[in-house]
Amino acid sequence: MSKVRRAVRGFRFKCGAICRRLFSIYNLVTFVIIGLVLYVVTIQEFETNQVDSTSKLDYFQAASFTKHAVLTTLKQKTVNKRQVTKEQQILSQIQADVLTYAEKDKSNEVVEDNNEELPINPQRPLPVIKIRYHGKYPKVKLSSRTVKFITPKKITNRDVLRALAHPRLFPTSQKPSYNNGQGRIATSMNDWIQANSLRDKHKFLVYSAFWDDRFEQNNNVRILAILVTKNPPSVFCRLQMADGTTIDAKVVRKVMNEHWKLRYSSCFLSCEVPKTTNPPLKVLVSLNRNFTFSAMLPVHQNKENIASPRGDLAVCVKPLHYSYDRATWLMEFIEFHRVLGVEHFFFYNHTVGPSVDTLLRYYTKQNVVTVLPWSLPILSQKEIRTEAIFSSLNDCVFRTMYLFHYVILLDFDEYIVPREHEGYLDMLNQLEEDNKHIRGQPGSFVFKNVFFYLYWENDTTVYGVEPEKPPQWVPYLITQYKTRRLSSAMKIGSRSKYIVVPERIVEVGNHVVWRHTSGSRAISVPDTVALLHHYRICEFGGFNCLKKESLVDRTATKFGPELLKRVMRQCRLIYPDLEGHCPLSPPLGSPW
């Protein structure tokens, strides 16, 4: 075979393979969808000039249209003079007719006594007001379009698609910001804000800043931030002091662990200053040396904070998400820990349901709960780990530093249950006493996890009846009805949770403390002292978890009578329309 024929045959083989792949069923469907989208965008060039002839002038109040309103365009371009003159004549005629008929109505008031009909205004089509506008960031660069607005008009599918093609029609709320003459400075108080330009490819978000003077080398302003994981940009920091001066500080970036190598990751930004520097009032963060686009945060100084709650024990929980609405279980979580000595709770609100919203508002007024907004503009589990859980946990540790002696970090389905003590303080004091001979101060106390699967049968030993059944309507308290657990507890670091002394912590994770201060260490709590009760469905889906070896553990039921009294009292106060009952618990959902 000659080289030419061989080359031709090879070319035909390659082209055939490409055509077979190109014209597969999936590609054809994709081409059709793209074609429909392009058709919707470009069809606006060929809109008809039909007027809604069914509209009656009687249906509307008289309106005044000025020459300026007709000539207004987004680009301030000149409109055809003939068209303007014609529209002005139509508008003037309509206004004159409206005034004429109004005068006739006044003069014909006597006609009503003679049971004669009032003069009916003639049907006239409304004027078509043409406004010329441009999309803010058009995906397809087309010429400016003339859009007709006829009032009233039914909203159709075509209108919705047209509005989606031009987001300018649906303006969105923006974060508080002000212009410094060169760019934008975003400001916020306890919520996520973007510190770079909205047009940048990757987002740079900051949440809070704390003054940290625990180390001998230098002082720091620690900022909780979110940066792109791969090749993060340089960050610049400017401190604003109480006397009006500013200090440009060196920034040290530390990415938090367990980020799963997703697009974004939580991180610490430490603005380092000499040890003799006084605490600043605010900090300015940017990706530009000239701070063109930046974010300004207040610097929290907990040692001088007299407004925040104080005490011995506090609880921190990761952001509430997926419209969390299990109000009875949340109330059980709060009241159970209050029985054990917890004084305050810190929650982060991503999304909650109506029942939980009512509950949190009540506890906030009682100064028992602090709810912080968590408007994270990043897709959870796809772009960042679980609503930036590590930012919330570390923010809570720094927020409670010097204000609470111990801080417990948990989820809503987890309870640290003492087996020998009646409260947390007695247990922690005993643990510190038992570990005095070990070198270093206790910085954290880590508890082993054990699963109480919710698919196991209910135990009615405590209350004697099934939950949420008439006539008693006992609330479904999972710590009292779920007493069967796995026989063996998991190892430290696997699903474990912990209690920390905030001043001795540098960075925490989901199940372990990653970094302590110098001279502090983690203490592993024995099974005989306390266990972490974890109430959930099978962690890998299905029902195979129920086949594992299990036993009945009623340690938590010793708090059952007091817990029921507290929950029922709060339900009567928070939900008076339920006649003394608690909200019913939603179903567990599919195990798959």
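Predicted model: local features only at pLDDT ≥ 70, side-chain atom pairs only at ≥ 80, totals over all residues.
Entry 1: I began with the order of the strands. The sheet is open and has seven strands, which I followed as β15-β14-β13-β16-β21-β18-β24. I noted the pairing as mixed. I then asked which strands form the edges. They are β15, residues 369-373, and β24, residues 520-524, and each of these pairs on one side only. For the twist, I recorded an average of 25° from one strand to the next.

**Entry 2: strands β18 and β24.** I turned to the pairing of β18, residues 441-447, with β24. The two strands run parallel and are joined by five bridges.

Entry 3: I next asked which strands helix α8 lies across. Helix α8, residues 389-400, lies across β13 (311-317), β14 (344-349), β15, β16 (404-410) and β21 (497-500). Relative to β14, I noted that α8 runs at about 145°.

**Entry 4: a pair of helices.** Last, I examined helix α7 (residues 354-365) and helix α11 (residues 560-574). They pack at an angle of about 100°, and their axes are 11 Å apart. Angles of 65 to 115 degrees count as roughly perpendicular, so α7 is roughly perpendicular to α11. On the α7 side, I listed T358, L359, Y362 and Y363 as making the contact; on the α11 side, I listed Q570, L573 and I574. Of the residues in this contact, five are nonpolar, two are polar and none is charged.

Notes: Residues numbered from 1 in each chain as written. Heavy atoms only, no water. Pairing = 2+ DSSP bridges. Helix = DSSP H or I, 4+ residues; strand = E, 2+ residues; numbered from the N terminus. Axes fitted to C-alpha atoms, helices over the stretch in contact; angles between N-to-C directions. Contact = heavy atoms within 4.5 Å. Parallel < 35°, antiparallel > 145°, perpendicular 65-115°, else oblique. Nonpolar A, V, L, I, M, F, W, Y, C, P; charged D, E, K, R; others polar.
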